[in-house]
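I opened my notebook to look at one protein model.

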Amino acid sequence: MRHLVCALVVAASACTAVQRSTTEQVVAAALISDKQEMDLGFQVHEDLKTKNTKFLENPDVGIYVEGLVNKIVPQAKADRAGVNWQYFVIDDPKTVNAFATPGGRIYVYTGLLLAAENEAEVIGVLGHELGHVVARHSARQLVAAKGLETVAAMALGQKPSEVGQLAAGLIGQGAIMAYGRDMELEADTYGAKYSNTAGYDPRGLVTFFEKLKAKGEVPELLTFLSTHPSNTERIEKLNALIVANAYNSKELGGAGLKAIQAKIPKK
Ligand SMILES: [Zn+2]
């Protein structure tokens, strides 16, 4: 096993971004179990509660968001089985953001739902977040932060519980969710693909980034303490991806979102 991991790492240094991502996902899956990811997600959720995160209680909004996620979650399940997908709406109209935690918990701020023009934009964002989980970005961050040798030695050694402790130590700093530029761009590709397959215009993410860019906002969207790719770079990459894959779904779903926006507290 140890040799397998090393061979994978050596191979990873001389291959394309897609191949490297695939290799890193295989390594991460071998070292961090679904159960360990779920435990980490639970810890983050407890941490959010101690920080007085206000969750929106309105069932209409919760059901609406769950309905949107359910339009794309079958694709995520096909890409990665064994994830217990859960959704939460955070009551904070001033924050335009969303994030995912290990194990499949997706958090959406009401500020994002209010800022979106249509459902295609929200679906694009949700697809981006599912993509972080599907592509095992947290586990890959853990390996990147602590070194493959350290994580592999623990995971393959006598005390696999040490991996959980190691990861827990990084949660406080947000380190295992502080995805790098490449991971953010990779998550964008999931957002566009999942949107398109669900029948929604994959340009939803593009128009959302264009809106942020026009406002001159720092692209903190869809990140959790991440190193951000610029909005311009994300827009260019997404447009190229949409053309290359001939994505042509058109649904925008404006009316459904407008009805829900009316039910969201504005302050
Ligand atoms: Zn992201």
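**Entry 1: the pocket.** I began with the lining of the largest pocket, where H2 gives the largest share, 7 residues. I noted what a pocket is: on a 1 Å grid over the protein atoms alone, it is an open set of points where a 1.4 Å probe fits, with protein on both sides within 12 Å along at least five of seven lines; lining residues have an atom within 4 Å of a point. Helices are DSSP runs of H or I with at least four residues, strands are runs of E with at least two, and numbering starts at the N terminus.

I looked up the space in the largest pocket and found about 450 Å³. That volume is the space filled by probe spheres set on the points, which are joined across faces, edges and corners. The lining has 16 residues, and the closest to the pocket centre are Ala17, Val18, Ser21, Asp182 and Glu186. Helix H2 (17-31) and helix H10 (181-197) each supply at least two lining residues. I sorted the lining by class and got 5 nonpolar, 5 polar and 6 charged residues. Here Ala, Val, Leu, Ile, Met, Phe, Trp, Tyr, Cys and Pro count as nonpolar, Asp, Glu, Lys and Arg as charged, and the others, Gly among them, as polar.

**Entry 2: ground rules.** I reminded myself that this is a predicted model, where local features need pLDDT of at least 70, side-chain atom pairs count only at pLDDT 80 or more, and totals for chains, interfaces and linings use all residues. Residues are numbered from 1 along each chain as its sequence is written, and side-chain values use heavy atoms, with hydrogens and water left out.

**Entry 3: the whole protein.** I counted 13 helices and 3 strands. Of the 267 residues, 51% are buried (under 20% relative accessible area; exposed is over 50%, partly exposed in between, with a 1.4 Å probe and protein chains only). I then checked contacts (heavy atoms within 4.5 Å). Among those with a separation of 6 or more, 75% join residues 24 or more positions apart.

**Entry 4: the cores.** Which residues have the most contacts inside the largest nonpolar core? They are Trp85, Leu113, Leu126 and Leu130, in a core of 45 residues. Such a core is a set of buried Ala, Val, Leu, Ile, Met, Phe, Trp, Tyr and Cys residues joined through side-chain atoms within 4.5 Å. Another core, of 11 residues, lies apart from it, and includes Val27, Ile32, Ala139 and Val151. I followed Leu126 next. Beyond its neighbours within four places in sequence, Leu126 is in contact with Leu68, Val69, Ile72, Ile106 and Val108.

Entry 5: Leu31 sits in helix H2 and is buried, at 4% relative accessibility. Its C-alpha is 6.4 Å from that of Ala152, 121 residues away along the chain. Gln165 belongs to helix H9 (residues 161-171). Is Gln165 buried or exposed? Gln165 is exposed, because its relative accessible area is 55%. Gln165 and Leu40 are 125 residues apart in sequence, yet 9.5 Å apart from C-alpha to C-alpha.

**Entry 6: two positive phi values.** Asn52 has phi near 60°, positive although Asn52 is not glycine. I found Asn52 in the loop between helix H3 (34-50) and helix H4 (59-79). Asn52 is exposed, at 68%. Arg136 also has a positive phi, about 55°. Arg136 lies in the loop between helix H6 (119-134) and helix H7 (137-146). Arg136 counts as buried, because its relative accessible area is 14%.
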